[in-house]
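Hi,

Here is the structure I promised to pass on to you. Have a look at it first, and my notes follow below.

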Amino acid sequence: MLALLCACSITLEGSVTSKSTTAAAQTTAAQTTAAQTTTAQTTTVQTTTAQTTAVQTTTVQTTAAEPAGAIPPVTELYAEEGTATAEDGTAFDYAYHVPQLGFDTPDAREINGEIRAYFGQLAEESLDCIAGKEVPFCVELGYRYYENGDVLSLVLHRTDLFGSYETFEVYNYDTAAGVRLDNAAILDRAGLSDRAAFAEAVCRTAAQSFDAMQYPVWEESGLDVIPGLYPLLRARTLERENLSGTPLYLGEDGALQVILPLASFGEAEITYCPAALAPVPSGTLTAAYGDYLTARLEDGVLTLRFERTAESEALMEYCGADGGALYGRDIPVQGAFSVYTDLAFGICDEMGKPYLFLRTDCGRLEYVDLCESLSGGYFCTGGPLMGLSWVSSLCSGEDGMLRASDYWGNAVALSPLLWQERETMSEDFYGDWTAYVTHEFEGSGRETFYSLTLSGCGEVGLQISVFEEELTALYEGVFTFRGVTEDGMIYSYSFWEAGEDGAPWNGTAALRLGWEISEESFSRTLTVRELGGEALICGEPGTETVLTETFG
């Protein structure tokens, strides 16, 4: 059931995707505490039939033998496994192991009741299907438990037929105090008092896990031809709302583990993956472009630094940026979640626009579009570039254009991949989005109507109407995709007033899709988070406006 997809720095303990693709590797410890030695017992049932070959594994993590007469910390409510054949001749394996805590306290009884109500009921219903010569929807229920000092972590999982879907449930229990432990208590036991640093670590782990699992599948399956789908799913994975409250537990040797909800393509929109927190990358990488621009990646933090020269002044003027506010300081670059081995500046087309490229430890390529960053007032990484893997090095050709070389010696031009990336927008964003916003103006509220029309990066319309003054302004613009962070999909933009030849106004915003649900109706929403430059809708950087999809 376990298969390694990519020898990257992030390792997944176990997962099943919606395309019946399994991915897992033994996790490494990110945080350790004093822990009791544990051993693992594994029961494997393997069956080969004309229709299918299946291997199902139920692993129970136990301590060494308990003293005579001692109550084991975990017992089993159900322990059924075997091979069955449905009435239509379909053969399948099944394994149902449903645990119970071996403690008699109010919290332990509450946990056991929850397990019986869901997993016990599911085991009973599945066994009834098997007895009636039917194929059950759920074919495996299993669990692991870990003891680290007084902390007992019980991790249950459910696998549906043919491994199409797997879910997890986590219960943490203090055996000394006899109480249930929440995520905050587990973080305290793991010694992680800095909650902001923990949130960053979860986001970094989710990004690395998503790329390790989805990128190889994406290329091999041809899904990369669907515009904007990969970054859309990556953005959904990294959204704060998606990652907040993810179940935590202490695994082997006290290593802190998190159950990551990774967005996926197919019937199962979420793939759940247990993973150890990705450590903060150590070491320093640097790169320079001329005598005015340097990049520095130190302990996982990427920064850029501009110095005032004639060349940098020309670049600032070309991008419409305020160089005076940028020169001589370290500018943070958002979205650098991977483990990187190389940095390189270069130009990729005849326009001469500079890019910073970052090669990951998995041979993928990410980038920073410097001109869009300067004009939009926000710096972030983009990628990984689709259609380009196993990159071994970056080098300039005789024409001065930077190219990527793969492990087979092929040189790949980067310009076509970058232009394709720039125009990335999922059709999920297409439509008319509107919002009414009340602004304080001269001591009173003034209602303004905003209407944003999206039909691709090159076709963007914006209407702003102030009703009290009967004013309406129409703008035409373009979006440029920049990358993905926990804020959403990042786009820089340029707008012109329709029919006018004046200078454009530029900025950067993050877009997130969602739903607005009430008792009477539900509708799609588009959240715009201002990030830099002139606001797309309204407000300072960090301000969010929720627009609702409208028709007609």
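**What I found**

Arg 422 lies over the face of Trp 419, 4.5 Å from the ring centre; a charge sits over a ring if NZ of Lys or CZ of Arg is within 6 Å of the ring centre and within 35 degrees of the ring normal. Before going on, please note that this is a predicted model, where local features need pLDDT of at least 70, side-chain atom pairs count only at pLDDT 80 or more, and totals for chains, interfaces and linings use all residues. Residues are numbered from 1 along each chain as its sequence is written, and side-chain values use heavy atoms, with hydrogens and water left out.

Now the rings. Rings of Phe, Tyr and Trp (its six-membered ring) pair if their centres lie within 6.5 Å, with planes under 30 degrees apart counted as stacked, over 60 as edge-to-face and the rest as tilted. By this rule there are 22 aromatic pairs. One of them is edge-to-face: Tyr 118 and Phe 119, at 4.9 Å centre to centre and 90° between the planes. Tyr 436 and Phe 449 form a tilted pair, with 5.0 Å between centres and 50° between planes. Tyr 436 belongs to strand 22 (residues 431-441) and Phe 449 to strand 23 (residues 444-454), so this pair ties together parts that are 13 residues apart in sequence. Strands here are DSSP runs (E, at least two residues), numbered from the N terminus. Tyr 436 is exposed at 53% relative accessible area, while Phe 449 is buried at 13%; buried means under 20%, exposed over 50% and partly exposed in between (1.4 Å probe, protein chains only). There is also an aromatic cluster made up of Tyr 475, Phe 479, Phe 481, Tyr 491, Tyr 493, Phe 495 and Trp 505.

Arg 359 is in strand 17 (residues 354-360) and counts as buried, at 12% relative accessibility. Its side chain makes a polar contact of 2.6 Å with that of Asp 342. Such a contact is a pair of N or O atoms within 3.5 Å; within protein, one must be able to donate a hydrogen and the other to accept it, and residues adjacent in sequence count only if both atoms are side-chain atoms. A polar atom of the Arg 359 side chain also lies 3.0 Å from the backbone oxygen of Val 391.

Happy browsing!

Methods:
Helix = DSSP H or I, 4+ residues; strand = E, 2+ residues; numbered from the N terminus.
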